[in-house]
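Please look through the model below one region at a time.

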Amino acid sequence: MQTDLSSRCKILFIDDLIETPEYPLREELDLLRQSNKYNITVKTDLDSLTDAAGYDLIICDNHGIGIKICGRSGNGISLLKQLTGEFPGKRYVMLSNKDIKINRLESFSKLSTKISVWDKDKLSAAYNNNGQGGLIEHVKKEVDRTLNPIVRWKEIRRSFVVNTNINLHDLARIEEAYIKSIIKNRPQLYEKATARLSSLDDNSHINSYLKATKYIIEFTITILSII
């Protein structure tokens, strides 16, 4: 994807320490925000799920957040569980100081998108050592994935195949509608083609994946309109 499109991907950083001077990713985050290549908003927590509605890529810490929405025992994992349920078409990253195999957790085993996990200590060390492999590089790669409709479809297609009982004929219809809607700039083509599937209740995950696909179509059409 072209670099000038990167600013069209709205990024939300959520970390309770993000505004403090000692924040380990402070220098790189400031460079990202000052470059004008990325559209970044920072928050120390969310007051409600709607606070995340306008963003395409959400990067959140695991500790000290999610308390306002999930209660005193809340954290980044519980917050992501709420967000992915409400907004299945967005992309998500978990920031942590240790390796978390988040996609092995039952709460996230059937998502329409892979949640990346970034180790803050490793990001900070990589940047301080040679300026490569730190936050800036990770954000760039994740934004490129977010803007790429082929990557997004491959993720959701895998979710349909692995996590639902959808037949190949219906999956082919969804893929065709996905492509046509984007090429012809008509998201209603997708809605019409998937209307029957969205009325089925034999597999709750199908509707989640259909909703995620619709979001990506609308997002992609918006991006293509500025090229």
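Asn 36 has a relative accessible area of 66%, so Asn 36 is exposed (over 50% counts as exposed, under 20% as buried and anything in between as partly exposed, with a 1.4 Å probe and protein chains only). This is a predicted model, in which local features need pLDDT of at least 70 and side-chain atom pairs count only at pLDDT 80 or more, while totals for chains, interfaces and linings use all residues. Residues are numbered from 1 along each chain as its sequence is written, and side-chain values use heavy atoms, with hydrogens and water left out.

Asn 36 lies in the loop between H1 and strand E2 (39-43). Helices (H or I, at least four residues) and strands (E, at least two) are DSSP runs numbered from the N terminus. The phi of Asn 36 is near 65°, a positive value in a residue other than glycine. Most residues other than glycine have a negative phi. Asn 185 also has a positive phi, near 60°, and is placed in the loop between H7 and H8.

Helix H1 (residues 26-34) packs against H5 at an angle of about 45°, and their axes are 9 Å apart. Axes are lines fitted to C-alpha atoms, for helices over the stretch in contact, and angles run from 0 to 180 degrees between N-to-C directions. The angle therefore makes H1 oblique to H5 (under 35 degrees is roughly parallel, over 145 roughly antiparallel, 65 to 115 roughly perpendicular, and the rest oblique). On the H1 side, Glu 28, Leu 29, Leu 31 and Leu 32 meet Leu 135, Ile 136 and Val 139 of H5; contact means heavy atoms within 4.5 Å.

Helix H10 (residues 204-224) has 21 residues, so at 1.5 Å a residue H10 should span 30 Å; its end C-alpha atoms are 31 Å apart, which agrees. The expected span is 1.5 Å times one less than the number of residues. Among the buried residues of H10 are Ile 206, Tyr 209, Leu 210 and Phe 219. The buried residues of H10 pack against several helices, including H5 (135-147), H6 (149-163) and H7 (168-183).

How many disulfides are there? The count is zero, where a disulfide is a pair of cysteine sulfur atoms within 2.5 Å. The sulfur of Cys 9 is 15 Å from the closest cysteine sulfur, that of Cys 60, which is too far for a bond. For Cys 60, the closest cysteine sulfur is in Cys 70, 10 Å away and also too far. Cys 9 is buried, because its relative accessibility is 0%; Cys 60, at 0%, is buried as well.
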